[in-house]
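User: I have a model open and would like to go through it with you. Could you take me through the main features, one topic at a time?

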Amino acid sequence: MSMTTRDFWQTEPHHHEEGASTNIGFWVYLMSDCLMFAVLFATFGVLHGNYAAGPGPKDLFDLKLVAVNTAMLLLSSITYGFAMLAMMQDNRAGTLRWLGITLVFGLCFLGIELYEFRHMIHEGAGPQRSAFLSAFFTLVGTHGLHVTFGSVWLVTLMVQVSKHGLIAANRRRLMCLSLFWHFLDVIWIGVFTLVYLLGMI
């Protein structure tokens, strides 16, 4: 067997940058989430006019409350950005402080959303009332579940940073959560525009 052939069949170790597979895997996850939300938006677009003689957006939505809720989520993205800046400066205390503020804004968003759901159901406008409401609760509720998951992830990372500091693994995890959190912001802007603003026209 010639030297060239031996070299061809020889298995050499491949050196990958640490965390590269994590980043690629997380991007794949985000793309799959994009597809899921695309389906939910399309479903809402088809069903949004089917009220079944029940209440519609103008009867149910409080745009001022939704605007406050939107501000909570947008502010949480800004504060998460400050957390990332503190992380880049190797400032553990600053990172934890901004992550804590981000968590407060995220919980405020969830609290307002739960209040809206509770009020609608109390008024007899639950998800079983019409196709419009089924699509609404599915789309908005799925986004809310993502924010809940992100909040739990945020608390977990705060504990990890408190115990182990800004090690490479925690920095990588914070970067992944940053992508996820900003992704939720983009999805919510779509929800706010398509569901709430256009629904009130």
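**Helices, contacts and core**

Analyst: This is a predicted model. Helix α6 has 34 residues and spans 49 Å from its first C-alpha to its last, close to the 50 Å expected at 1.5 Å a residue.

User: Which residues does UniProt list as "transmembrane region"?

Analyst: The UniProt entry, which is unreviewed, lists residues 26-46, 66-86, 98-115, 135-159 and 179-199 under that name.

User: How much of residues 135-159 is helix in the model?

Analyst: The span 135-159 is 100% helix and 0% strand, with its end C-alpha atoms 37 Å apart. For residues 179-199 the figures are 90% helix and 0% strand, and the end C-alpha atoms lie 29 Å apart.

User: Changing topic: how many salt bridges does the count come to?

Analyst: The count comes to one salt bridge. D90 pairs with R171, and the closest N and O atoms are 2.8 Å apart.

User: Which parts does that pair tie together?

Analyst: D90 lies in the loop between α4 (63-88) and α5 (92-122), whereas R171 is in helix α7, so the bridge joins parts that are 81 residues apart in sequence.

User: And is D90 buried or exposed?

Analyst: D90 counts as exposed, at 53% relative accessibility.

User: Staying with α7, where is S178, and what does S178 touch?

Analyst: S178 sits in helix α7, which covers residues 168-197. Leaving out residues up to four places away in sequence, S178 touches Y80 and M84. Its relative accessible area is 9%, so S178 counts as buried, the cut-off being under 20%.

User: Now the largest nonpolar core. Which residues touch the most other members?

Analyst: That core has 52 residues, and F136, L174, W188, V191 and Y196 touch the most other members. The elements giving two or more residues to the core are α2 (20-47), α4, α5, α6 (131-164) and α7.

User: What does V191 touch?

Analyst: Not counting residues up to four places away in sequence, V191 touches F41, L139, V140 and Y196.

User: How many aromatic pairs are found in the whole structure?

Analyst: A search of the whole structure finds 20 aromatic pairs. One of them joins F61 and F132 in a tilted arrangement, 6.3 Å centre to centre with 55° between the planes. This pair links distant parts of the chain: F61 is in the loop between α3 (57-60) and α4, F132 is in helix α6, and the two are 71 residues apart. Both F61 and F132 are buried.

User: What about F149 and W153?

Analyst: The ring centres of F149 and W153 are 5.9 Å apart and the planes meet at 45°, so the pair is tilted. Both residues lie in helix α6, four residues apart, about one turn of the helix.

User: Why would residues at that spacing point the same way?

Analyst: An α-helix has 3.6 residues a turn, so residues three or four places apart point the same way.

User: Is F149 buried or partly exposed, and what about W153?

Analyst: F149 counts as partly exposed at 47% relative accessibility, whereas W153 is buried, with a relative accessible area of 18%.

User: Finally, which residues form the aromatic cluster?

Analyst: One cluster is formed by F44, Y51, F61, F109, F117, F132, F136, F137, W188 and Y196. F136, W188 and Y196 were also named among the core residues that touch the most other members.

Key
Residues are numbered from 1 along each chain as its sequence is written. This is a predicted model: local features need pLDDT of at least 70, side-chain atom pairs count only at pLDDT 80 or more; totals for chains, interfaces and linings use all residues. Side-chain values use heavy atoms; hydrogens and water are left out. Buried means under 20% relative accessible area, exposed over 50%, partly exposed in between (1.4 Å probe, protein chains only). Contact means heavy atoms within 4.5 Å. A salt bridge is a side-chain nitrogen of Lys or Arg within 4 Å of a carboxyl oxygen of Asp or Glu. UniProt positions are given in the numbering used here, feature names are shortened, and annotations may be inferred rather than shown by experiment. A nonpolar core is a set of buried Ala, Val, Leu, Ile, Met, Phe, Trp, Tyr and Cys residues joined through side-chain atoms within 4.5 Å. Rings of Phe, Tyr and Trp (its six-membered ring) pair if their centres lie within 6.5 Å; planes under 30 degrees apart count as stacked, over 60 as edge-to-face and the rest as tilted. The expected span of a helix is 1.5 Å times one less than its number of residues.
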